[in-house]
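Trainee: I am new to this structure. Could we go through the labels and see what stands behind each one?

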Amino acid sequence: MRRTPNAGLAACSLLALFARCALGTPNVPAPVAQAIAAERIAPAGVSYVVLDVDSGQIAATLNSGTPRSPASTVKVVTTFAALDSLGPAYTWHTQALLGGVLEDGALQGDLILKGGGDPYMTLERWWSFVQALRAKGLRTLRGDIVIDDTAFALVPEDPAAFDGRPHQAYNAEPSALMVNFQSVEFRLTPNPTGRRVDIAATPAPVNLAIDNRIALMAGPCSGRAARVAFEVPSAEWDRVEFTGSLSPQCAARSITRVLLSAPSYAFGTFVQLWREAGGTFDGTLRVAAAPPTAVPFLSFDSVTLAEAVRLTNKYSNNLMARHLLLTLGAERFGAPATVDKGIRAISAWSQERGLALSDVEIDNGSGLSHTTHISVLELAAVLRAAYHSRYAPEFVASLPLAGVDGTMRSRLQSSQPGSARLKTGHLDGVSGIAGYVTGGSGKVYVVVSLVNDARAGAGTGDGVHNALVDWTQVAL
């Protein structure tokens with residue numbers, strides 16, 4: 001989905017969805033104008049639209065046809081396209097195949113673990129996968145573990161390219177066999193009795209080395225006695241190094257990072273859980289496609305798509321959104337999944353839906369991008385279509401509730417519970433909301449607001465969105 005020179009015409013075509021058009025006439029409610037001025041944001045960097053979800057009439061608008069960076073608000077496009085195309089009961093499948101003969105619980109050959117793109121294979125579910133293998137009689141592995149991640153065919157990325165923080169969870173890259181978002185939590189606890197600082201890793205992949213050089217330092221928990229540095233000195237991300245000092249008076253602290261590669265992480269955590277369950281394994285990791293002679297042994301279902309969409313939107317999970325885009329591409333255009341197929345799938349779906357999003361730059365579908373662009377009018381059209389769709393209950397329930405849960409838990413807490421369901425978005429220079437707000441009249445309105453300004457992203461811009469929501473709830 002690439003923006004074309006006819007972007008203005010495409011935006012205007014969307015107005016056919018609405019009973020009345022006010023695109024060319026800015027309508028800036030006084031409280032919103034005051035918020036824009038108070039946050040010292042140029043009005044040219046602000047776009048919003050408020051429209052009646054039933055009639056399509058526009059109640060307020062400013063720069064609504066201007067392409068903007070939407071940050072994570074673009075997830076409403078990806079998640080609704082997935083729900084509308086695949087249905088809420090859609091599931092992914094992780095398979096175990098046998099590359100040898102199983103005799104008396106011992107596999108004389110390789111165990112192949114084939115990923116199907118499950119976006120939510122948490123550690124708990126990975127443990128359940130291991131237990132399911134044990135329940136089918138598998139006890140001893142006498143070959144290697146082969147990771148087959150060929151369901152996705154992705155161009156190699158530089159994980160530091162976006163913001164120079166490759167080990168942050170939001171920068172994790174998709175993989176057909178992605179386990180626990182590839183994250184490890186380290187809990188650092190001063191141990192005065194042992195005169196050391198203990199480090200506990202959860203999970204503890206067998207192929208991850210931890211170099212603990214943290215000193216226990218007497219005195220209060222401040223200054224040098226409260227400073228810990230974390231580094232990943234290996235190119236394979238398979239060794240971490242902790243340095244610094246902690247006082248016995250310091251409380252335990254946690255650090256979570258993305259480590260290893262996706263196949264290595266899946267292997268290391270599988271072996272950890274396998275051995276903890278009493279299984280034996282002395283082989284190594286291989287990454288390869290399953291041979292045609294491999295025998296299917298176990299198919300493990302994911303959570304439903306409806307649940308995956310809820311988790312994606314409530315907590316703005318970038319990795320899950322990217323998996324949804326890839327899945328859309330593979331389902332429409334065939335395996336293996338690619339980003340380009342995903343982009344084309346959403347473009348084709350939008351044409352079928354009459355949403356005309358072929359001019360939008362969707363990139364990876366998560367909003368974690370410097371190139372994604374869409375107008376608030378186009379986002380509003382998607383939200384209005386979602387509200388009247390066959391899967392409206394699943395989609396609407398996936399959006400964070402203002403003052404209640406998800407990324408809106410601590411925002412707009414004075415709002416009537418349930419009166420505002422809004423997907424949030426933040427990047428450096430970008431702030432946004434997109435969702436549904438119930439006005440004082442009881443009518444539901446689509447509200448989309450995006451601020452693209454050098455000052456936006458770190459809280460600045462939220463005041464504009466809040467003012468727009470408040471005005472909608474009071475004036476409409």
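This is a predicted model: local features need pLDDT of at least 70, side-chain atom pairs count only at pLDDT 80 or more; totals for chains, interfaces and linings use all residues.

Trainee: Why is C250 called buried?

Mentor: Buried means under 20% relative accessible area. C250 has 6%, so C250 counts as buried.

Trainee: Why is the disulfide called right-handed?

Mentor: The torsion about the S-S bond of C221 and C250 is about 100 degrees, so the disulfide is right-handed.

Trainee: Now the rings. How many aromatic pairs are there?

Mentor: The structure holds 14 aromatic pairs. One of them is F186 with F230, a tilted pair.

Trainee: What makes the pair of F186 and F230 tilted?

Mentor: Ring centres must lie within 6.5 Å to pair. These are 5.8 Å apart, centre to centre. Planes under 30 degrees apart count as stacked, over 60 as edge-to-face, and the rest as tilted. The angle between the planes of F186 and F230 is 45 degrees, and the pair is tilted. F186 lies in strand 7 (residues 183-191) and F230 in strand 10 (residues 226-231), so the pair ties together parts 44 residues apart in sequence. Both F186 and F230 are buried.

Trainee: Why are F270 and W274 called stacked?

Mentor: Stacked needs planes under 30 degrees apart. The planes of F270 and W274 are at 15 degrees, with ring centres 5.8 Å apart, so the pair is stacked. F270 and W274 are 4 residues apart in helix 5 (residues 262-276), about one helical turn. F270 has 0% relative accessibility and counts as buried. W274 is buried too, with a relative accessible area of 0%. Ring pairs link W126, F129, F270, W274 and F300 into a cluster.

Trainee: How do you know that R134 lies over the face of W274?

Mentor: The distance cut-off is within 6 Å of the ring centre, and the charge must be within 35 degrees of the ring normal. R134 is at 5.8 Å from the ring centre of W274 and lies over its face. The charged end of K136 sits over the ring of F297, 4.6 Å from its centre.

Trainee: What makes strand 8 and strand 12 edge strands?

Mentor: Their sheet is open, has 3 strands in the order 8-7-12, and pairs antiparallel. Strand 8 (196-202) and strand 12 (253-258) each have a single partner strand, so one side of each is left without a neighbour in the sheet. The twist averages 25 degrees from one strand to the next.

Trainee: How do you know that strand 7 and strand 12 pair?

Mentor: Pairing needs at least two bridges. Strand 7 and strand 12 have 6, in the antiparallel sense. E185 stands opposite T256 in strand 12.

Technical notes
Residues are numbered from 1 along each chain as its sequence is written. Side-chain values use heavy atoms; hydrogens and water are left out. Rings of Phe, Tyr and Trp (its six-membered ring) pair if their centres lie within 6.5 Å; planes under 30 degrees apart count as stacked, over 60 as edge-to-face and the rest as tilted. Helices (H or I, at least four residues) and strands (E, at least two) are DSSP runs, numbered from the N terminus. Buried means under 20% relative accessible area, exposed over 50%, partly exposed in between (1.4 Å probe, protein chains only). Axes are lines fitted to C-alpha atoms, for helices over the stretch in contact, and angles run from 0 to 180 degrees between N-to-C directions. A disulfide is a pair of cysteine sulfur atoms within 2.5 Å.
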